[in-house]
Amino acid sequence: MTGKVGRRLSRSLLHIVIISICLMWTLPSFGLLANSFRSRRDIVATGWWMALKTPFAFTVENYMDVLTGQSHYGEEKAPDKSRSILGDIITGQGIGRAFLNSLIISIPSTLIPVVIASFAAYALAWMRFPGRDLLLIIVVGLLVVPLQMTLIPILRLYKGLHLAGTFLGVWLAHTAYGLPYAIYLLRNFFKALPQDLFESASLDGASQFVVFYRIVVPLSIPSIASLAIFQFLWVWNDLLVALIYLGGTRDVAPLTMHISSMMSSLGENWHLLPAGAFISMMLPLIIFSILQPYFVRGILAGSLKG
Amino acid sequence: MAKVVIENLSKYFDRVEAVKNFELEIDDKEFVVLVGPSGCGKSTTLRCVAGLEEMTAGEIHIGDQMVNDLPPRDRNIAMVFQDYALYPHMSVYQNMAFGLKLRKYAKAEINQRVREAAEILGIEELLNRKPRELSGGQRQRVAVGRAIVRKPSVFLFDEPLSNLDAKLRVQMRAELSKLHQQLQTTIIYVTHDQVEAMTMGTKIVIMKDGEIQQVGTPMEVYEYPVNLFVGGFIGSPAMNFIPAKIISKDSELSVDAGSFELVIPSEKEQYLQGKINEEVIFGIRPEDMQDKSFAEKSIQGGSIQAVVEVVEPLGSEVQLFVISGEHSLVARVDPRTQARLSEGIKLVLNMDKIHIFEKEPPHFRVKTEERP
């Protein structure tokens, strides 16, 4: 009886702790969200929590401004009927171009390293060849090299190869920066697969490549997916690498660059940052919630005893 | 459907010798069981035959072919693993069909073979399930099915029953024996369980420390173990071993174990003349020690006095742990026995079934009978 009560008590205590941690963690984002819907005057004058006071005075102007690149403040100008909002978003000063650039950078910069890392991780985990362990140690060692150290030498190399300012250059850079961690992570996941499976497959007549794409990849979807999400988030949120290798021109600048330049080029416009941040967060949020089921599914269950 | 010949197989892991000079000829359709304590090299031997392990020295022939340099997939073998090693993301059907698909069999042929195997194993209704939805016994069947569909010339089993509960194990044992009858294929089976070896094998290979101790039929290794290790390993409960001396007294030979002396039957005397006054190890199996009151009259042997320490009734018989002098012994006696804890009991030893082992390692058994 007392045991039951005690267990229930410790459970609710656990829940309280978890919920408070979650709340603390979400609070800044929530504040950002609240601010993104407030007018410039309010943002400058009071803290975000004042937004919760009635009467509510929410506005979507910040979002409109960020999306279209127009400023609605200052002068009272008559709405320009000849221009559509959608047109502004996609062309001109709008965020559309930056969004598209971000996608152009992020998708290959995620796919290329994940594919290469899968192959490499399989080889490092399950193929026998001389120097394998040394190679693994080198890869792990690369994890500690600070990215900043490589910026200048690689940029000089890119200049020579005419890769500076091209998307290809950024893809290659992100691939190289992502690979050590990706290989290391996947190699550990692959190595954890039971050896029996590989032996059984080789008796069944499977070549290394068949083992890789018929057995290892399907069984590692959760780990590959989580790696892909990490890499995507890293690239999507990256400012430094893009700034260095792409330069700041409008036609190649990704979202991060666009948002940061919004403030400096428009001077006082930092009130647009909350809205900009939320727009740039949309895609990662959507992707995460789509792939989320893969994280929880224990796909290995049932292969072996237990 | 092939003979397997293993010649002089050795396998080192770095400096450690896992298997030493392993020599074995396995006839077509034989059910050979490699048995021994863990670490004796039995699994390594099997994995060398499968090609999963490179051997350090020796040759392996399957059928007419030397397979040393063939990869596992070209050896025409199928293996069942201890942990089943089913592909978790494939259905039972796909698991069984995988090997055939990779070998580019026609769809109809694959379908027919899978259904055939499923029928033999009674798993037809499971074909669309995933391994995680199966019980341990069912997974075991699927693993066997995956081996069957390939119709290999040799089946390799690596401790396939050790993850099953006791009851299921007994059942699967019988099923595998039946399967062997049905398939008429050579089987090499590895286990640490001597009961599995005894019940299923047509030939048993007992290994220890990487070396073969004895090869023989189950009854051969049971009745005539070559040395102390085999005598103690085969049979449950294990054979009793008593340090003793062969003595000659009144023109008869006896075993002198200190607390008791037992007369050796006259037909064994001729084999033991050379051992007179030598220290030996006297071995007797638990079932060859009977409660005197219920022993068959035909048993010729001496009796000893002992004190009962533990009584374990098993229904059909009673297992007694007794102490006689300085020796602890186990006897399997008639269930009618009146043995009580801490009380004395008179046990009769069937002296026709005694084993005499040399005192010096490797404790060879001294021949004491004409063998059929």
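The questions and answers below concern chains A and B of a predicted model.

Q: Why is helix H3(B) called oblique to helix H4(B)?
A: The axes of H3 (residues 107-121) and H4 (residues 136-148) of chain B come within 9 Å and cross at roughly 140°. Angles over 145 degrees count as roughly antiparallel and those from 65 to 115 degrees as roughly perpendicular, while the rest, apart from those under 35 degrees, are oblique; the crossing of H3(B) and H4(B) at roughly 140° therefore makes H3(B) oblique to H4(B). As for the hand of this crossing, H3(B) passes H4(B) in a right-handed one.

Q: What makes the meeting of H3(B) and H4(B) a contact, and which residues take part?
A: Two residues are in contact if their C-beta atoms, placed from the backbone, lie within 7 Å. On the H3(B) side the residues are Ala117(B), Ala118(B), Ile120(B) and Leu121(B), and on the H4(B) side they are Arg141(B), Val144(B), Gly145(B) and Ile148(B). By class, this contact has six nonpolar, one polar and one charged residues, and Gly145(B) is counted as polar because the classification places Gly among the polar residues.

Q: What makes up the side of chain B that touches chain A?
A: The contact between the chains takes 25 residues from chain B and 21 residues from chain A. Strand E6 (77-80) and helix H2 (92-102) of chain B are the elements that give two or more residues to the chain B side, which by class has 15 nonpolar, four polar and six charged residues.

Q: What makes a residue of chain B count as buried, and what share of the chain is buried?
A: A residue is buried if 20 or more other C-beta atoms lie within 10 Å of its own, and such residues make up 42% of the 372 residues in chain B. Chain B comes to nine helices and 21 strands, and its C-alpha trace spans about 80 × 45 × 35 Å along the principal axes.

Q: How do you know which parts of chain A belong to domain 1 and domain 2, and where do these domains touch?
A: The bounds come from a domain assignment, which gives domain 1 (1-59) and domain 2 (89-305) of chain A. Taken over C-alpha atoms, 32 Å separate the centres of the two domains, and their contact takes seven residues from domain 1 and five residues from domain 2. On the domain 1 side, helix H1 (2-36) and helix H2 (40-45) of chain A each supply at least two residues, with H1(A) giving the most, four residues.

Notes
Residues numbered from 1 in each chain as written. Chains lettered and ligands numbered in written order. Predicted model: local features only at pLDDT ≥ 70, side-chain atom pairs only at ≥ 80, totals over all residues. Axes fitted to C-alpha atoms, helices over the stretch in contact; angles between N-to-C directions. Left-handed = near helix turned anticlockwise from the far one by under 90°. Buried ≥ 20, exposed ≤ 12 C-beta atoms within 10 Å, placed from the backbone. Domains from an automatic or database assignment.
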